[in-house]
Amino acid sequence: MHNTPHAQTATLSNRSLVDLDRAHLIHPVTSFRGHEAHGARVLASGDGMWLTDIDGKRVIDAFAGLWCVNVGYGQESIVAAATEQMRKLPYATGYFHFGSEPTILLAEKLTALTPAGLDHVYFTLGGSDAVDSAIRYITHYFNAIGKPAKKQFVALDWGYHGSSSTGAGLTALPAFHRGFDLPRPWQHHIASPYPYRHPQGDDDAAVIASTVAALEAKVAELGAENVAAFCCEPIQGSGGVIVPPRGWLKALRDCCDRLGILMLVDEVITGFGRTGPMFACDDEGVSPDFMTVAKGLTAGYAPMGAVFMADHVYQAIADSAPPELAVGHGFTYSGHPVSAAVALEVIRLYENGLLENGMRTGRAFAAHLDRIRAHPLVGDARGRGMLGAIELVSNKATRAGFDPALDIGGRLGRLTWDNGVIVRCFAHSVIGFAPALCCSEDEMAVIFERVETSLDQLLDMPDIRSAVV
């Protein structure tokens, strides 16, 4: 028998895979030593809302992989679209004026779906390099229009904008700065519109006004002539699913216009039906100058992200230099034809029932979030569409959290897995949810039944019970 790669894989024990992973594979956003001690949970297959690991354990995925498998696992029509494109043309460069049919059709389709004015798209491999690309284009734009001093960027505390060398500085989470010499001197942050932790959190108008005032103050401090852009997520994802009041995004769009700065809206998590409409910007009729997407664009079936650029920015850059001078930004895999074919089929699925199903199940999701507030550990439950979170507290009256030494996130990660549900257990005692848009109401009930079981088990632990007031 020939020692083929398939045969080698077939002879590996499950333990061998875990050991090989521990020895060689660097995992994203993970403690190296912590992962060596923990070991990998190796996934083997997926179907709809469900995943099965190499030991045969079947769990319901309430986080869509990493906020991305919006259509669910095992969609055969996507596999067929990718296979057909691989056979026909597996790669085409976008350099040297070359193009491919699926990439061109995807650009046309997407710019028809995005907010008015976002007529141009640059394709990336994911969200991090989409943000990085937007930063580069914004810098180029202000140089092009003769305002080279406008180099400062403002973002939000608790925000997440990827982990590229520049985007990670706009991100405002300590793990992405620690040891990386970030943020950069031109990257600034203002307070998050975190209603549950805001001194006037019950007053939507006050929360909105506080962010507007903070942005105005920061721009005044830096000098409007020096500020390039304000960057935000419509709902802050990795910061703990922080949901600003409705009207917040529109107020910030108006504020950016008044201040003469660009607005970059990061819809990497919120795009493609995650909050209800195709894009969260649609909820408030906002058209930013730049918008980044990824994740739901291909539903995780292939790597791809995108930067949408407003026509006024595109025209300024286009007119700033002679035609023979290239704008020197590009990736080998920009507009990859297989990823584009996948994205076209994913969008077809959204438009043929999945967005509608997501909105319907999203109403059941909201009802579960309302109900779970009664649990002794739950201080806040928040969400929009199929994106939400519950925040655990030791004291509901004071909203006090837990001592980090109690490792609430780590314990919940083990409990929820053992109980057959995948959620995102943040370090600051927040449980994040992002179920696929194919989720049924019955499956949503299973998710919450298993999460509540996990919360009950957590509360039964003596040191946790003694910490709760």
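Tutor: In this predicted model, strand E1 and strand E2 (residues 50-53) run antiparallel and are joined by 4 bridges; within that pairing, glycine 46 has leucine 51 in E2 as its bridge partner.

Student: What makes E1 and E2 count as paired strands?

Tutor: Pairing requires at least two bridges between two strands, and 4 bridges join E1 to E2, so the pair meets the definition.

Student: Why is strand E1 (43-47) called an edge strand?

Tutor: The open sheet has 4 strands in the order E1-E2-E3-E13, with mixed pairing, and E1 and strand E13 (421-422) are its edge strands because each pairs on one side only. Helix H16 (residues 441-460) lies across E2, strand E3 (58-61) and E13, at about 105° to E3.

Student: Why is glycine 273 called buried?

Tutor: Buried means under 20% relative accessible area, and glycine 273 has 4% relative accessibility, so glycine 273 counts as buried. Glycine 273 sits in the loop between strand E8 (262-266) and helix H12 (281-284) and, leaving aside its neighbours within four places in sequence, is in contact with Met278, Leu355 and Leu437.

Student: How do you know that the lining of the largest cavity has 3 charged residues?

Tutor: Asp, Glu, Lys and Arg count as charged, and the lining includes Asp283, Glu284 and Arg384, so the class count for the lining gives 3 charged residues, alongside 6 nonpolar and no polar ones. About 60 Å³ of space lies in this cavity, and helix H11 (248-259) and H12 each supply at least two residues of its lining.

Methods. Residues are numbered from 1 along each chain as its sequence is written. This is a predicted model: local features need pLDDT of at least 70, side-chain atom pairs count only at pLDDT 80 or more; totals for chains, interfaces and linings use all residues. Side-chain values use heavy atoms; hydrogens and water are left out. Buried means under 20% relative accessible area, exposed over 50%, partly exposed in between (1.4 Å probe, protein chains only). Contact means heavy atoms within 4.5 Å. On a 1 Å grid over the protein atoms alone, a cavity is a set of points where a 1.4 Å probe fits but cannot get out, and a pocket is an open set with protein on both sides within 12 Å along at least five of seven lines; lining residues have an atom within 4 Å of a point. Grid points are joined across faces, edges and corners, and a volume is the space filled by probe spheres set on the points. Axes are lines fitted to C-alpha atoms, for helices over the stretch in contact, and angles run from 0 to 180 degrees between N-to-C directions.
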